[in-house]
Amino acid sequence: MMKQLATKPAPTALPLHAANEHHGEAGQAAIAAIRSMLGKSSAASQYDKLNQQQRAMILFAARLRPAKYINLPLLSLTLEEREAIRVAIIALLDLGKAFGCVPLSRDQFFPPRALKPVASSQAAPIEREVNSDVDNTLAEINRLAASLSADINEIEKH
């Protein structure tokens with residue numbers, strides 16, 4: 001029994017957290033201070049991990065030539081260039097929010113093709129037949145409506 005107790009880990013008072021989880025303001029401040037001492041930032045670290053296509057989108061939005069800046073780490077850029085990238089990332093985030101709840105399936109961008117019109121020589125007999133059926137149906141509906149209207153008028157009289 002003693003051996004069994006010795007092998008169990010002691011319960012911890014605090015839950016275990018992953019290294020990248022925020023632990024409140026004190027934790028964020030400590031992480032920011034360490035990054036500052038190292039000359040790094042969270043945004044710079046994330047930017048430097050992006051692939052070339054993602055960086056190019058940000059650089060285009062920042063109005064910076066991707067050919068010149070695509071392989072440069074964020075912190076190697078001038079303050080003005082970093083500010084342009086910061087503003088571009090914010091704009092892209094806002095754009096993402098605008099489409100966040102919109103379905104982006106292909107049918108939203110490519111509606112189904114309309115049916116091809118039938119040649120007029122073939123369409124004329126079919127069109128006349130359809131129009132005749134519609135006219136007959138409308139006439140029947142009008143007759144029934146008139147009959148119902150008359151019935152309602154009779155009921156209201158009594």
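Predicted model: local features only at pLDDT ≥ 70, side-chain atom pairs only at ≥ 80, totals over all residues.
Colleague: How many residues has the largest nonpolar core?

Modeller: A nonpolar core is a set of buried Ala, Val, Leu, Ile, Met, Phe, Trp, Tyr and Cys residues joined through side-chain atoms within 4.5 Å, where buried means under 20% relative accessible area, exposed over 50% and partly exposed in between (1.4 Å probe, protein chains only). Here the largest one has 13 residues, and those with the most contacts inside it include Leu 59, Leu 64 and Ile 85.

Colleague: At what angle do helix 4 and helix 6 pack?

Modeller: Two packed helices are described by the angle between their axes and the distance between the axes. Helix 4 and helix 6 pack at about 105 degrees, with their axes 8 Å apart, and are therefore roughly perpendicular, a word that covers 65 to 115 degrees.

Colleague: Which residues form the salt bridge with the closest N and O atoms 2.8 Å apart?

Modeller: A salt bridge is a side-chain nitrogen of Lys or Arg within 4 Å of a carboxyl oxygen of Asp or Glu. In this structure Glu 83 forms one with Arg 86; Glu 83 is partly exposed at 37% relative accessible area, and Arg 86 is partly exposed at 44%.

Terms used
Residues numbered from 1 in each chain as written. Heavy atoms only, no water. Axes fitted to C-alpha atoms, helices over the stretch in contact; angles between N-to-C directions. Helix = DSSP H or I, 4+ residues; strand = E, 2+ residues; numbered from the N terminus. Parallel < 35°, antiparallel > 145°, perpendicular 65-115°, else oblique.
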